[in-house]
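Please open the model in your viewer and keep the sequence panel beside it. We will take a short walk through it, one selection at a time.

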Amino acid sequence: MSTYICEKCGCIDNTACGGNYWLVKGKLNLFKDEYSNTHCLCVECTPTEFSDGSKNKDAGKWHNRFPKKHWSELGKEHILRLSSKQSGNYVNAEEYFKNLEDKE
Ligand SMILES: [Zn+2]
């Protein structure tokens, strides 16, 4: 069980809670749009339908297993400090903040 930052909305989700994290890491290309196949999304940002037309029933809404929090509520320093410990916390944080800087 690991946490990651949603590349679309910036909230923290858990890889076991229905988001597309493992589908992206496994390069499974199950979604219609390229963005969702190549970016880690929280469960709420994950498309509700797969490219074959079948329903992704956990997606499109927050799971409420823990409160939805944007990374800025925790702070970049805090997140990067914990993510560097290889503990499964914020596993894509370094990449996420690097991409964010590149966009600015
Ligand atoms: Zn999201």
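At roughly how many degrees do the axes of helix α4 and helix α5 cross? Select residues 76-83 for α4 and 93-103 for α5: their axes cross at roughly 140 degrees and come within 9 Å. Axes here are lines fitted to C-alpha atoms, for helices over the stretch in contact, with angles from 0 to 180 degrees between N-to-C directions. The two helices, α4 and α5, are therefore oblique to each other; angles under 35 degrees would be roughly parallel, over 145 roughly antiparallel, 65 to 115 roughly perpendicular, and the rest are oblique.

Now show the side chains at this crossing. From α4 pick Lys76, Ile79, Leu80 and Ser83, and from α5 pick Ala93, Glu94 and Phe97, which make the contact. Two residues are in contact if their C-beta atoms, placed from the backbone, lie within 7 Å. Colour this contact by class and you get four nonpolar, one polar and two charged residues. In that scheme Ala, Val, Leu, Ile, Met, Phe, Trp, Tyr, Cys and Pro are nonpolar, Asp, Glu, Lys and Arg are charged, and the others, Gly among them, are polar.

A word on the model before we zoom out. It is predicted, so local features need pLDDT of at least 70 and side-chain atom pairs count only at pLDDT 80 or more, while totals for chains, interfaces and linings use all residues. Residues are numbered from 1 along each chain as its sequence is written.

Switch to cartoon for the whole protein chain. Its pattern along the sequence is β-β-α-α-α-α-α, with helices (H or I, at least four residues) and strands (E, at least two) taken as DSSP runs numbered from the N terminus. The radius of gyration is 13 Å, close to the 13 Å of the globule rule for 104 residues, so the chain is as compact as a globular protein of that length. That radius is taken over C-alpha atoms, and the rule is 2.2 Å times the number of residues to the power 0.38.

Next, select Ile5, Cys6, Cys40 and Cys42. These have the most contacts inside the largest nonpolar core, which has 18 residues. Such a core is a set of buried Ala, Val, Leu, Ile, Met, Phe, Trp, Tyr and Cys residues joined through C-beta atoms within 7 Å. The elements β1 (3-5), α1 and α5 each give two or more residues to this core.

Centre on Cys6, in the loop between β1 and β2 (12-14). Is Cys6 buried or exposed? Cys6 is buried, with 25 other C-beta atoms within 10 Å; the cut-offs are 20 or more for buried, 12 or fewer for exposed and partly exposed in between, with C-beta atoms placed from the backbone. Leaving aside neighbours within four places in sequence, the contacts of Cys6 include Cys11, Asp13, Cys40 and Cys45. Step across to Cys40, whose contacts beyond four places in sequence include Tyr4, Val24 and Asn92.

Two backbone stops come next. Most residues other than glycine have a negative phi. Asn29, in the loop between α1 and α2 (34-38), has a positive phi of about 50 degrees and is partly exposed, with 13 C-beta neighbours inside 10 Å. Tyr90, in the loop between α4 and α5, has a positive phi near 50 degrees, but is buried, with 24 other C-beta atoms within 10 Å.

Finish at Trp22 in helix α1 (residues 21-25). Trp22 counts as exposed, with 11 C-beta neighbours inside 10 Å.
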